[in-house]
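The sequence and the structure are shown first, and the description follows.

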Amino acid sequence: MNFLTALQRDNHQLLKKLLVIVTLMFGFSYSLVYFYDAICRALGINVLSLAERQVVSADKGLANGNGQIDYSREITVEFDTNARGPWDFKPAVRHMTVHPGQLSQVMYEFRNKQDRTMAAQAIPSYAPMQASAHFNKLECFCFNEYTLQPGETKQWPVVFVIDPKLPKDVRTITLSYTFFEVAGKGGFKVGEAPKGAGAAL
């Protein structure tokens, strides 16, 4: 009888420990959302969120509170691309002038020049860093992984709106994308250079 009592006590204590572990794991996974958002903001990575999916007004302005475009200001947006590998990656235009609150779009083209299938992904960055919080992308290919066949060409749009709250001293914003091959999914391994590349990624 004492043996059964001791066994029940041990089981009860084990159950308590498991409940504590499950609770801690749930809390940790829940906090990762806020931690990831904080990291992205600190690094200037603009991740598309539901809050950014605003309604576009008839005059091509973003409904950002008052739905107005600030025609008194002009912002030059420069488009920079970096392709680490044997492929072509470029925007349709290198720069454009927009008004804060105005819906704008630029097309990007990517071509796989290799004789093999590849998987690729793009990461954006901004200059100056303070502009990242005011550069709202409504549509973007960044952070998605794409598979391209040998010689295949794909085009993607980037639709964006610059928040009118952008500091007055910022007149030029550079949106830069780095497109890199996803290791292990395009016919090469981590630490190994893809065919035709001058160095390992």
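A residue is called buried when its relative accessible area is under 20%, exposed when that area is over 50%, and partly exposed in between, with a 1.4 Å probe and protein chains only. At 9% relative accessibility, Trp156 therefore counts as buried. Tyr146, at 15% relative accessibility, is buried as well.

The model is predicted, with local features requiring a pLDDT of at least 70 and side-chain atom pairs counted only at pLDDT 80 or more, while totals for chains, interfaces and linings use all residues. Residues are numbered from 1 along each chain as its sequence is written, and side-chain values use heavy atoms, with hydrogens and water left out.

**Aromatic pairs**

Rings of Phe, Tyr and Trp (its six-membered ring) are paired if their centres lie within 6.5 Å; planes under 30 degrees apart are stacked, those over 60 are edge-to-face, and the rest are tilted. The whole structure contains 18 aromatic pairs. One of them is tilted, because the ring centres of Tyr146 and Trp156 are 4.5 Å apart and their planes stand at 40°. Tyr146 belongs to strand β7 (residues 145–148) and Trp156 to strand β8 (residues 153–162), so this pair ties together parts that are 10 residues apart in sequence.

**Strands and sheet**

Helices (H or I, at least four residues) and strands (E, at least two) are DSSP runs numbered from the N terminus. Two strands pair if DSSP finds at least two bridges between them. An open sheet is formed by four strands in the order β2-β4-β8-β6, with antiparallel pairing. Strands β2 (87–91) and β6 (135–139) each have a single partner strand and stand at the edges, so one side of each lacks a neighbour in the sheet. From one strand to the next, the twist averages 25° (axes are lines fitted to C-alpha atoms, for helices over the stretch in contact, and angles run from 0 to 180 degrees between N-to-C directions).

| Strands | Bridges | Residues opposite each other |
|---|---|---|
| β2 and β4 (residues 104–112) | five | Trp87 and Asn112 |
| β1 (residues 75–84) and β3 | four | Val77 and Met96 |

Strand β3 (residues 95–98) has Met96 and Val98 on its covered face, whereas His95 and Thr97 lie on the uncovered one.

**Disulfide**

The structure holds one disulfide, a term for a pair of cysteine sulfur atoms within 2.5 Å. Cys140 and Cys142 form this disulfide, with their sulfur atoms 2.4 Å apart. Both cysteines, Cys140 and Cys142, are buried.
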